[in-house]
Each structure stands twice: as structure tokens, then as C-alpha cells.
Amino acid sequence: MLPRRQEYGMKRSGGARSGSVINFRSAMKLSSGRRSSAVLPSLLTFLVIVASGGLLLMIEKGMLNGMETPSPRSNGRRLDFHRGQAGGRSPDAADLESQILQEIRNRTIKTMCSHKNMPHSVWSLSLLQRKTLLQHVLVNDEHRFLYCYVPKVACSNWKRVLKVLSGALENVDVNIKMDHRSDLVFLSSLKPEEIRYRLKHYFKFMFVREPMERLLSAYRNKFGEIESYQKKYGVEIIKRYRKGRTKDAAITGDDVTFAEFVRYLLDEDVERMNEHWMPIYNLCQPCAVSYDFIGSYEHLESDAEFVLQHVGAPPHVHFPERQTWYKPVTTETIHYYLCSLPQKLLRELLPKYILDFSLFTYPLPNTTAAHCRH
């Protein structure tokens, strides 16, 4: 039997419902009057739509198409992002623009997470939600920080950094296959009182990525290159969603189409998805954890530089460069896959990741007929 569909990436869980559909109109009442005339009109429009409840209604209207993507950064406490002498940069217009964009995103998260139906601490999450979160938060006690890793958002390189900081690796450029479990401390391995202390006193950060770009990266990597995923997921997906192949014993799972993958996602419970395509919201619970910094994949180098400086990493520890075999998901790639997808499937898929779009201020993809023709 297929798992029950779960709408909007949320699920009911006891009293504090991190799993219920957000009432965006109520959230709007909390945020009215806070907008600044100094903000770019396109970004203001995005914030208003997110807070007012129009986000889902805009999927078919195209009103969010073409808006610039703000740089996701800190949540909660204001941080000084000027690198100054330490980073080899002095404050400039780009830094000022980044701070304006941070403020927009921070207000969005604050408004939406302040709603009574959202979780306000790790302990208000359901057992499954808390287990997922704690298994994705890595701990470094020496430099007093917590990092919530998100697969397909440079998490392998961040794990290399953590291993260098702990002394398990000599440097981040060592040519070895990454072991994603050994020599790493997960928050889930600690006692409740130890978890509470670190959540309260440590610097907490995570990195996000445009939701459809991350999804495509997972699809191309896992079903195009990783045999274990082809056998575990690919074979089952083809048997479920490809006509006439239900009992075909010769299926290898290495030719799953993107449309078949999307149909599979639509039938999946977001809280039980594989971590590579589980929404970022469900992995890191940004309403239950007050992250001090939310970096973006789009500004990976500069945001990683800031984090390393902020936690006091030694000067010789740097964020790794992308591997030579890395295949970026380009704008053209996203355009090709999303425009080739039946629009009914896309309209059903977007609500699964709506919190990633809205909380981290990413515009919805433009798949209008006019756009797709080009």
C-alpha cells in the first residue's frame, strides 16, 4: 500500500502542530506595518505574498516569476557580516544589500514561525520529527557550534571541515572517500540536558538551496550514478509508475524519468522521505531551532568564510573547493526538466516544498508557456 499523501510538507503532531497547514492570513496580521520603503519593490511583493497567504494561489498565476532570490542568512540575532581585515574585505554596497536581504528573510521566518501552530522548541516536535532533526545536527564542542547538514547543499564538504577541526583529517583536501558517520558527533548521541545546553549556548547554522535545484541534483546523482539507489528506489518507482512493468524482473532502476520520480514524491510522506529529497524544513526545523546563521548555496564561498571566521576556525582551515567531477545544476537544466514536466504534476509537487520556498525566500519557478517556449 502506498503511504498516505501529505500536503504542504506538514503533518499534525499532538498539541503544537508543526504538521498543520499554515494560516498565512493570520501571519499577515502579525507582520503588517513592518515593511520598509528602502526595500526593493520586487522583494517587498514577495514578502507580502508569503505573509498574506497568496503563495499557493500564485503558483498558477505567475506573479512570483522573475523575482530576485534574496540571500538566505541569519535568523534571530543580528550578526555583523562585514569581513573587514580578517576576511580581506571592507564593508561595501554588496554587504549593505546583503543585510537588507537578510532582514527580509529574517522577518519572514519570524512572522511565520511565531504562528501558534508552528513548533517553538525541539521538545514540541513529534518523536519522528525530533529524531530526524537531531540526527542531522553535527556538534563541535571545541568551537562551540552546531551545524544542521542538508544533503545536496555542500554537506560533504562541511563534514570534511568538521573532521579537520576535530583532528580526524589532516586537511580538507585529503583525497579519501567521505565516511558520513565516522569521526562526527551527532546531537542525537547526547543526553537531553546536553542537547538543551548546546542548543541554548552554541552558534547554530545551516545552509539552504533553491528547492527544485536541490531536488534535481538529488535525482541526477542518485538515479544516474548510484547503483544502490537505483536498486532500492529506482526499481520500485518503475514498477509503480511505468505501465506494463509491474512484474518485470529485468528492471535495473537506472532509467527512472523525472516525471516518474515526481509521481513517487507525491505519494510519499515528507516526514519519511529519504534525506536527499526530504524538504529542508523537515530536516532542520528552523522554527523549532533558532539558527544564528542560514547560509545559501548560491553564496557558498563567502557564507562559509563567514561561518569559519565566526566560530574561530584556525587560519589554515578553509572550505573545500568543488570537486572537478562536480556537475552543476544550471538554470538551463532546471528550465529543461521543469518545462518538460506535466504542469499538473508540478502544481502538486510545489506544495510539498512550499515551506522551503517561503521561509528561505526563494521565488517559485517560472513554467509559464511563454517562458518554456524559450
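Biologist: On what basis are residues numbered and values computed?

Modeller: Residues are numbered from 1 along each chain as its sequence is written, and side-chain values use heavy atoms, leaving out hydrogens and water. The model is predicted: local features need pLDDT of at least 70, side-chain atom pairs count only at pLDDT 80 or more, and totals for chains, interfaces and linings use all residues.

Biologist: How far does helix α7 reach from its first C-alpha to its last?

Modeller: Helices are DSSP runs (H or I, at least four residues), and strands are runs of E of at least two, numbered from the N terminus. Helix α7 covers residues 211-224, which is 14 residues.

Biologist: Why is α7 largely enclosed by the rest of the structure?

Modeller: Buried means under 20% relative accessible area, exposed over 50%, and partly exposed in between (1.4 Å probe, protein chains only). Among the buried residues of α7 are P211, L215 and F223. The helix is largely enclosed because the number of its 14 residues that are buried is twelve.

Biologist: Which residue caps the N-terminal end of α7?

Modeller: A side-chain oxygen lies 2.9 Å from the backbone nitrogen of M212. The residue that supplies this oxygen and caps the helix is E210.

Biologist: Is D183 buried or exposed?

Modeller: D183 lies in the loop between α5 and β3 (185-186) and has a positive phi of about 60°, although it is not a glycine. Its relative accessibility is 51%, so D183 counts as exposed.

Notes
Expected span 1.5 Å × (residues − 1). Polar contact = N/O pair within 3.5 Å; in protein donor to acceptor, adjacent residues only side chain to side chain.
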